[in-house]
Amino acid sequence: MSKTFRHALRNLRRDWRSGQLNLLGLSIIVAVASVSSISFFADRLKQVFESQATELLAADLVVISPEPIQNKLLKLAQQAKLNTSLQATFPSVVVANNNTQLVNIKSVSANYPLRGNLKISDKAYGLGKKTRALPKPGEAWVESRLMFSLKLKLGDSIQVGNTNLKISKILVYEPDRGSEFFNIAPRLLMRYQDLEKTKLIRIGSRVKYRLLVAGSVDQIKQYRNWAQSKLSKLESLQSLRDARPEIRVAIERGERYLSLASLVSILLAGVAIAISSQQFVKSHYDHCAIFKCLGAQQKTINQIYFWQFTLFGIAASSIGLLFGWLCQEGLAWIVADFITFSLPAPSLSPIIYGFVLGLGSLYLFSFSQIIKLKNTPPLRVIRRDLAPTTSGFRSIYFSLVVLLMLFLFYQLGDWAMAIRVLIASIITVAALALVSVILLKIIVFLNKKSKLSWRYGITNIIRRSQASNIQIIGFGIGLMALLLLSIVRTDLLTQWQTSLPKDAPNQFVINIQDNQLKNIKQFFSQHGYRNLNFYPMVRGRLIEINNKAVSPKDYDNARAKRFVSREFNLSWADELQEKNKVVEGQWWHKSNSKNKSLAQMSMEINNARLLGIKLGDTLTYVISGQTLSAKITSLRKINWDTMRPNFFLVAKPGLLEPYPRSWISSFHLETKNKDFLTKLINKFPNVTVIDVAIIIGQIRNIMDKAVLGIEFMFIFTLIAGFVVLLAAIEASQDERLKEGALIRALGGQRSLLLKSYFIEFAVIGLIAGLLAAIGASIAAYFISHTIMNIEFNLQFSWWAYGMLIGSIGIGLLGLFGSYKLIKKPPIESLRKL
Amino acid sequence: MSEQTRINIVQASHLVKQVQSPEGPLTILDDITLNIEAGKTVAITGASGSGKSTLLSILASLDVPSSGQVHLLGKNINELDEDNRAKLRAGSVGFVFQSFHLLPNMTALENVLLPLELDNDPDADTKAKQVLDLVGLSKRTRHYPNQLSGGEQQRVAIARAYSITPKILFADEPTGNLDQATGSKIIDLLFELHANSSTTLVMVTHDANLSPHCDYHFEMSAGKLSV
């Protein structure tokens, strides 16, 4: 071990003991914890999809289709001595104890799963043990939450369509559940051979058929090659390499967004590191002067501090990683309800990333300061005024931009994008800084004739305006995010719900068959639901635009990809539906005589733009194995708030009639009439009723969890802001101590100082809260207008909350940070003057 | 006294130190020539602002003169850069200051250990404890500077200076921050340690009573030196 390394180790121990490194350590811990909590979590999710990939499919190869898999595909697999299993999954409503519940049904044939094992239990939320068995015919295995929602116990019977199944086990784990990632409705597992009896599979049912295949690598390769050429237009093959990228991309995107949420925390932590380092450097001038007097050379001093900071960075990053790990456990707990698999231990990469970030930001923000220590003149031991020059905030700003750039590039993986985000961030911060400066000036102007404590407190902000501005912006951004999240989660969602008419439909009825239409209309009418509209639905997949084939690869947008890879519902109508407005082209009944063609369609404008479809384009769909082409003769804008069925694509009557269809309707059900649903399902078991209130409840639940996750990240921002505040107090400590001592020596009381400190930080908090309220209101305006389509109502309460929480919260934190300054007797500080 | 010890450990000739002030250049040291023999005790006295601390800092190689030559331990400090001057001081030059200059985050023992650690001395711990014992602070080794009295702090500073058995020790107003009784004890200690070692002692003080105890006495006045 080198001499300087040993010396660094000793110095580190001494500085750590003296508390000089506390804030610096806290800053690094916050930065590393905020980022590593996300990277740990994302890493564990990614590992699920990498290490347990074979299990994910419960097979080696899967043929998927919205229609039953062609028999020849099954036969050939069987001839090739491959293991096979068939399954069908679809949502449906089940009935038990006079309650209904939307479930996700999976019906499987023998041999399922071909890879991995099922886990079952005899009691709800039990741990579960592996099994190779399946539910017997006439039985079902269900997830614990279904047992609770329908008040079931083992042995009870549950109505699934036209048949009843006995619940024989609790389903704890199914290997291919992971590929669905998030699930809202609980699972019901039953036998494929019982499917027929349920009579649930009708035209328009949202069924996904799968043929699972497993065998040796060569057999699978051979089968794959053969099957590829025999697939129908609706069938597709999925193997491990097809299944993973999409999920991986989704996780990486989630990680990226959350990491960007932690960006502000990292930058603030960077500022705290810089301020604390400056303070550390100042307190070490004497050390270095003495080192030099005792014969230490500049090189030695540099080496000592390099090692000291490196060792310190490693130690603080390790603690940060530990906190990050604990926090990600929190994240995992938050989404536990929605994740269908257990998470493995994290790999090495988030740990390495944590160290790189911790040490990197420490080097970046502190070395420009530390490097100056070597320039301390030894003569300082005699002349105390001698000290190396510091670069102040200039080097902090420079380091911030460098860190921001590197971090953005790492997260976004694209320099051009990183530069765009960097410029946007700088503009945002500059705008916030400008508003902050203006507000400060107003406060100073109003403050001229106020009491001493106010004058002193506010003068403190102005005197340290650079540090004050950084605190205002940091707290402002953190509070803004939290305020906006709470506005969206509570105010806007409630506003949206209350903006719906009281009698807006809250139940959707789907899967109504042609031959049931008359009876079901009659049934509704008998129960007092008259004049309900029933809309036809034909399922089709878009395959060509202007005779040019389209595939998911042609689009970057995930929604557009989905649009061309799946079947969607098409409908027809003579009249333009309520709250639909033609914005381009003309609706058929108004068409002039020039266009009498039957092959006309109207498309929703946002989706048309998403897919690059223009008025006059010809779209080709495959419907039940046949192709159909039609021209887009109008583009519509839809107000979705009517809660009535709406369709992206509506055809001219007559065009879609030859194809198999089902019907959909919606109605308003009073809570007291809940048993009407049971009657409806009993009478028409194949019909699925979707309760909008439950769906909204579930969306809200998911949103709450997602928001909680994001809020989690912004809590780090506030902690980072607090660390900056503490660092700023620490940096001005000597000055404050001297001033405080003088004021007290001249007869000022402690309470005067306490008041002025509170005022100083409360005003910083007030401005930050005001900035947060302004920013959150602007963002809420855009969200309500562009995403939720509701009237924007500016709420005074948001401003009140922002300013109140900002001023009182930050005022108290400031008071907490500066309390020690007034605890010391004035003489102690005066002696140092 | 052998021929060798009569060698001048410090040789200064025609030293001038000027600094810039709003009223133009200010001469702090004005043509000072001085030789200090190894192993001797030297007192430099003078009123506040007479330039005695500036002279000490140049003689100790902490600063360089505007003109003139200084040889410390046989080396011309004008020809050395800051690092080489530090190298020259390492293990050979000790300091005691008016304001003690103990590092507040280190215990008494750690302060004394500092120069030994910088010198990578394998027996640092033993030596530091011995010298603390010598200055009568063996029971205060784990105390921090703010837990010690002024006199005790200065003893730690002396122990730190003597821990490396320096060839020369510069003391800048060593009793300046102490009351008279404590100051006398510190002076006694300095002379006692000097008597037990061959260290040259150069002391800057405004206390004229000290001069009779020293082998040589110089008086500073308005930047000029008189014997």
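**Salt bridges and their setting**

Reply: Chain A has an accessible surface of about 37500 Å², and carbon and sulfur atoms hold 59% of that area. Accessible areas come from the Shrake-Rupley method with a 1.4 Å probe, and for residues only the protein chains shown count as cover. The model is predicted, so local features need pLDDT of at least 70 and side-chain atom pairs count only at pLDDT 80 or more, while totals for chains, interfaces and linings use all residues. Residues are numbered from 1 along each chain as its sequence is written, chains are lettered from A and ligands numbered from 1 in the order in which they are written, and side-chain values use heavy atoms, with hydrogens and water left out.

Of the 833 residues in chain A, 54% are buried. Buried means under 20% relative accessible area, exposed over 50%, and partly exposed in between (1.4 Å probe, protein chains only). Chain A has 24 helices and 22 strands; these are DSSP runs numbered from the N terminus, with helices (H or I) of at least four residues and strands (E) of at least two.

Now the charged pairs. Side chains of opposite charge can pair when their charged atoms come close. A salt bridge here is a side-chain nitrogen of Lys or Arg within 4 Å of a carboxyl oxygen of Asp or Glu. By that rule there are 25 salt bridges over all chains.

Lys52(B) and Glu173(B) make one of them, with their closest N and O atoms 3.4 Å apart. Lys52(B) is in helix H1 (residues 52-59) of chain B and Glu173(B) in the loop between strand E7 (168-172) and helix H6 (180-196), so the pair ties together parts that are 121 residues apart in sequence. Lys52(B) counts as buried because its relative accessibility is 5%, and Glu173(B), at 8%, counts as buried as well.

Lys127(B) and Asp121(B) form a salt bridge at 2.7 Å, N to O. Lys127(B) is partly exposed, with a relative accessible area of 32%, whereas Asp121(B) is buried at 16% relative accessibility.

Lys129(B) pairs with Asp125(B) at 3.1 Å between the closest N and O atoms. Both residues lie in helix H4 (residues 124-134) of chain B, four residues apart, about one turn of the helix. Lys129(B) is partly exposed at a relative accessible area of 42%, and Asp125(B) is partly exposed at 36% relative accessibility.

Salt bridges also link Arg10(A), Arg14(A), Arg17(A), Glu110(B) and Glu117(B) in a network.

Next, the surface patches. Patches are made of residues with over 30% relative accessible area and no salt bridge, with like charges joined within 9 Å and nonpolar side chains (Val, Leu, Ile, Met, Phe, Trp, Tyr) within 5 Å. Arg206(A), Lys208(A), Arg559(A), Arg562(A) and Arg566(A) gather in a surface patch of positive charge. Lys and Arg count as positive and Asp and Glu as negative; His and the chain ends are not counted. A charge is placed at NZ of Lys, CZ of Arg, CG of Asp or CD of Glu. Lys208(A) lies in strand E10 (residues 208-214) of chain A and is partly exposed, with 37% relative accessibility.
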